[in-house]
Amino acid sequence: MTRLSSNGLSLVLAVCAVTITGLVVRRELFPSAPSAQQTTVKTIVDWQPLVQGGSVVGPPGASIRIVSFLDYQCPFCAESHAGLVRLRELYPGRVAVIYRHFPLESIHPYARPAAVAAECAAEQDRFEEYQGTLFASQNTLHLQQWHDWAVLSGVHDLPAFDRCVAEGRYNDRVSQDVQLGRSVGVDGTPTFVLNGRMVAGTPGIALLEEWSRDLLGPRGVGNQ
């Protein structure tokens with residue numbers, strides 16, 4: 001074997017080793033993040049507690065109530081957020097989303113404080129706006145600019161917001177959401193539940209649209 005061939009073989013082996021190592025590391029570091037292609041549907045018999053409480057965006061008495069377990073550092077959650085907004089626009093006044101926090105703290109250290117800040121904004125009826133700001137700023141969450149994002153989100157009483165964040169007022173609420181999610185088998189984000197059917201990953205948005213269409217009709221003119 002020539003020296004050139006030997007060097008080429010060594011390079012190939014090195015690249016393979018790096019690739020395999022990367023896959024192993026990814027598997028170890030991201031064991032609970034659902035695959036972007038995952039579409040498994042699970043049935044939850046006792047799903048009503050999931051829609052009781054949580055931060056609601058949309059009419060509380062909406063025909064369609066979707067529970068969304070999310071993590072503000074999860075890129076798939078940012079993608080699915082746009083899908084949920086689109087679904088609410090497709091059926092105006094007919095769809096509500098109940099948001100439950102499920103920070104994957106082992107890989108997303110700023111997801112929990114972001115969730116707490118979002119709930120502090122909710123005290124002033126700015127949850128939806130603050131949530132949108134967090135997703136838009138996802139790549140800079142490590143800067144923890146909770147106050148600045150409150151300004152952008154239209155939070156009126158900023159000192160009250162700052163006190164809420166500083167004392168971690170909604171830490172217990174976030175922990176309760178996590179416990180509730182685990183009790184029904186949530187192990188990654190985003191995860192959605194609609195009428196007892198649970199699906200994880202961004203393809204879940206397409207299923208939510210299909211299920212909503214079955215219940216409401218093609219443009220929300222079906223069942224009332």
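This is a predicted model: local features need pLDDT of at least 70, side-chain atom pairs count only at pLDDT 80 or more; totals for chains, interfaces and linings use all residues.
Two packed helices are described by the angle between their axes and the distance between the axes. In this model, helix α2, which spans residues 75-90, packs against helix α4, which spans residues 127-136, at an angle of about 140°, and the two axes lie 10 Å apart. Because angles over 145 degrees count as roughly antiparallel and 65 to 115 degrees as roughly perpendicular, α2 and α4 are therefore described as oblique to each other. The crossing in which α2 passes α4 is left-handed. On the α2 side the contact involves Cys77, Ala78, His81 and Arg88, and these meet Glu128, Gln131, Gly132 and Phe135 on the α4 side. When the residues of this contact of α2 with α4 are sorted by class, three are nonpolar, three are polar and two are charged.

Helix α3, made up of residues 111-122, takes part in two further packing arrangements, one with α7 and one with α6. The axes of α3 and α7 come within 9 Å and cross at roughly 115°, which makes α3 roughly perpendicular to α7. This crossing of α3 and α7 is right-handed. From α3, the residues Arg112, Ala115, Val116 and Glu119 meet Asn171, Arg173, Val174 and Ser175 of α7, and the contact of α3 with α7 is divided by class into three nonpolar, two polar and three charged residues.

The axes of α3 and helix α6, the latter formed by residues 158-166, likewise come within 9 Å, and they cross at roughly 145°. Here too the crossing is right-handed, with α3 passing α6. The contact is made by Ala117, Cys120 and Ala121 of α3, together with Phe161, Cys164 and Val165 of α6. By class, the contact of α3 with α6 consists of six nonpolar residues, with no polar and no charged residues.

Attention now turns to the spaces within the structure. The model holds one cavity of 30 Å³ or more, and the largest cavity has a volume of about 30 Å³. Its lining is formed by Ser68, Leu70, Cys77, Ser80, His81, Leu84, Tyr99, Phe135 and Pro190. Of the residues that line the largest cavity, six are nonpolar, three are polar and none is charged. Cys77 and His81 of α2 and Phe135 of α4, which take part in the contact between these two helices, are also found among the residues lining the largest cavity.

The classes represented in the lining of the second largest pocket are four nonpolar, three polar and four charged residues.

Two features of the backbone remain to be reported. Most residues other than glycine have a negative phi, and most peptide bonds are trans. The peptide bond from Thr189 to Pro190, however, is cis, with omega near -5°. Pro190 is placed in the loop between α7 and β5 (191-194), and Pro190 is also one of the residues that line the largest cavity. Gln144, although not a glycine, has a positive phi of about 50°, and this residue is found in the loop between α4 and α5 (146-152).

Key: Residues are numbered from 1 along each chain as its sequence is written. Side-chain values use heavy atoms; hydrogens and water are left out. Ala, Val, Leu, Ile, Met, Phe, Trp, Tyr, Cys and Pro count as nonpolar, Asp, Glu, Lys and Arg as charged, and the others, Gly among them, as polar. Axes are lines fitted to C-alpha atoms, for helices over the stretch in contact, and angles run from 0 to 180 degrees between N-to-C directions. Helices (H or I, at least four residues) and strands (E, at least two) are DSSP runs, numbered from the N terminus. Angles under 35 degrees count as roughly parallel, over 145 as roughly antiparallel, 65 to 115 as roughly perpendicular and the rest as oblique. A crossing is left-handed if the near helix is turned anticlockwise from the far one by less than a right angle, and right-handed if clockwise. Contact means heavy atoms within 4.5 Å. On a 1 Å grid over the protein atoms alone, a cavity is a set of points where a 1.4 Å probe fits but cannot get out, and a pocket is an open set with protein on both sides within 12 Å along at least five of seven lines; lining residues have an atom within 4 Å of a point. Grid points are joined across faces, edges and corners, and a volume is the space filled by probe spheres set on the points.
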